[in-house]
Amino acid sequence: MTSFPKAQAQEPFFLCYFETTRNCNLNCPYCMSRTSPSPGAKTLDTGEAKELVLDELVKVSPNTAVAFSGGEHLLRPDAYELLEYAAKKGLWSFVNTNGKLLVESDSVRRALRATEGRLVFVLPINSVDPEVNRSTRNDGTATVMQAAEICRKEGAEYFFILTVSRDNLSTLDRTLKFLKLNRVPVLRAPFVPRGAGRDFAGLMFDCSEMRQVIHPALTANPLAYISFTPFFASPEVIAETWSKFGVRISGLGCQAGRAFAAVGAEGGVVPCVQLLDSGCVCGNVREKPLSEIIGSSPVFNSLRSRSDLKGKCGRCRYKQTCGGCRALAYYKSNDLLAEDSTCFFDPENEATRSKLEELQTANLGKFIEYIKYNRPWNELF
C-alpha cells in the first residue's frame, strides 16, 4: 500500500480537461472515452457542468483554463452556452475537437463569439500521411487541415495534439518536422489502453522506441515541450528562466496532478485525462466539490510533491521538472507512482546528469521565446 504526503501548494496555471460527453461523430478504433459497457451514470447536465465544474475551477487557481473534450464537445446542445459561461467566469476555453464541425458549420465563429476570443482549438493529427492518420483516427488529414485553415482565417488560436503509438512511429519524425516548419505548437499524448483502447494494448511503445524514435523527434521541436517526458533540461536553468520571465508553470514534464486534472462526463475526477475510467479516480463532483478533490486528494498531493516516486524516477535529478509520465507508469504497472518504464535514462542517483541535458536546455530558450511573444501563451503561462 502506497502512503501519500500531505497537501502541497497549487501551481499558478491550471488546466482541467472536461470530457463533457462520450458522444462523437467519428468512430476511432481506440477512442479513450468510448467504453463498453457504458458507465451507467448520467452525463453531467448543463447546471451540473456550470456549478460542479466551471464554478469550482475558478477556486483552484486565478489562472485556469478548461479543455472541453469528449467524445465531441460541440455535439452537446449546450456546447456554446458552456463556452460562454466559462468565459464569463474568466476562464480560457480549449476546445478539443476532431474538426468535422469546424469544417461543416460555423462552429469557429460561434465559439469565438461565445468566448469573446478567450478560445483555443485543439486539433488532432497523428500523422501527415493520410492513410496512417486514418488508421488511428477514422479520418484522413484533410479535415483537420481544413479546420486549421478556417481557424487561421477567422483569427482563432489553435494547436495540434498528437497521440503517439506504434501505429504512427514510422511517420512521427516527418509529422513533427512539418508542424515545426509551420510553427504550430503540438502536445504529445502517449497512447494508453483506456476505453476502446483496452483491446489495443500492444500499441503502447517501449523504452527502445522512446530512445530511438520518439524522443529524438520531440527533442528537435521546441514547440512540443509541454507535458514532454522524459525531459532532461537543467532544473537549475529552468528555475532561473522561469523566475526571469515570470513563467507560471511548474516544469515541462508530466503535469498530472500538478497543472493538469480531468473530469469525466459522469463527474469522475483524476489527475490526468488518460486516467479517467481507471482505478485512479479520486472522487466525483456530484459527491464532493471539485476544488476540494484537487486540493486535498492524497493522489493529487502525492503527484504534486513527487517525494514518493519509485525506481529510477524516484532517484532522478529531473524528478521535479520531468517526473516521468504517470499515465504510462500506471498502465504499465498498475501503480501511479512506479517508474516510467518507457524512459531510457537510468540514473545512479540525483547527481547523475543525462547526456541530453545540454541540448534540451538550449532548446528550452526557443520554447520560452515562443510563449513570451505569442498569445494566448503569454497570458496563460
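Author: A search of the whole structure turns up 22 salt bridges, a salt bridge being a side-chain nitrogen of Lys or Arg within 4 Å of a carboxyl oxygen of Asp or Glu. Keep in mind that this is a predicted model, where local features need pLDDT of at least 70, side-chain atom pairs count only at pLDDT 80 or more, and totals for chains, interfaces and linings use all residues. Residues are numbered from 1 along each chain as its sequence is written, and side-chain values use heavy atoms, with hydrogens and water left out.

Reader: What makes Arg286 and Glu48 a salt bridge?

Author: Their side chains meet at 3.0 Å, N to O, and the cut-off is 4 Å, so the pair qualifies. Arg286 sits in the loop between β9 and α10 (290-296) and Glu48 in helix α1 (residues 46-60), 238 residues apart, so distant parts of the chain are linked. Helices (H or I, at least four residues) and strands (E, at least two) are DSSP runs, numbered from the N terminus.

Reader: Why is Arg286 called partly exposed?

Author: Buried means under 20% relative accessible area and exposed means over 50%, with partly exposed in between (1.4 Å probe, protein chains only). Arg286 has 34% relative accessibility, so it counts as partly exposed.

Reader: Arg194 and Asp277 also meet in a salt bridge. Is Arg194 buried or exposed?

Author: Arg194 is at 2% relative accessibility, so it counts as buried. Asp277, at 41%, counts as partly exposed. Their side chains meet at 2.9 Å, N to O. Both belong to a network of salt bridges that links Glu19, Arg22, Arg194, Glu266 and Asp277.

Reader: What about Glu357 and Arg317, buried or exposed?

Author: Glu357 is at 9% relative accessibility, so it is buried. Arg317, at 13%, is buried as well. The two side chains meet in a salt bridge (3.0 Å, N to O).

Reader: Why is strand β4 said to be largely enclosed?

Author: Six of the six residues of β4 (residues 119-124) are buried, so the rest of the structure largely encloses it. Leu119, Phe121 and Leu123 point one way, while Val120, Val122 and Pro124 point the other.

Reader: What makes β4 a partner of β3 and β5?

Author: Two strands pair if DSSP finds at least two bridges between them. Four bridges join β3 (residues 92-96) to β4, running parallel, and five join β4 to β5, also parallel. So both pairs meet the rule of at least two. For instance, Ser93 has Leu119 as its bridge partner, and Val120 stands opposite Glu157 in β5.

Reader: Which strands stand at the edges of the sheet?

Author: The open sheet has nine strands in the order β6-β5-β4-β3-β2-β1-β7-β8-β9, with mixed pairing. β6 (186-190) and β9 (283-284) stand at the edges, each with a single partner strand, so one side of each has no neighbour in the sheet.
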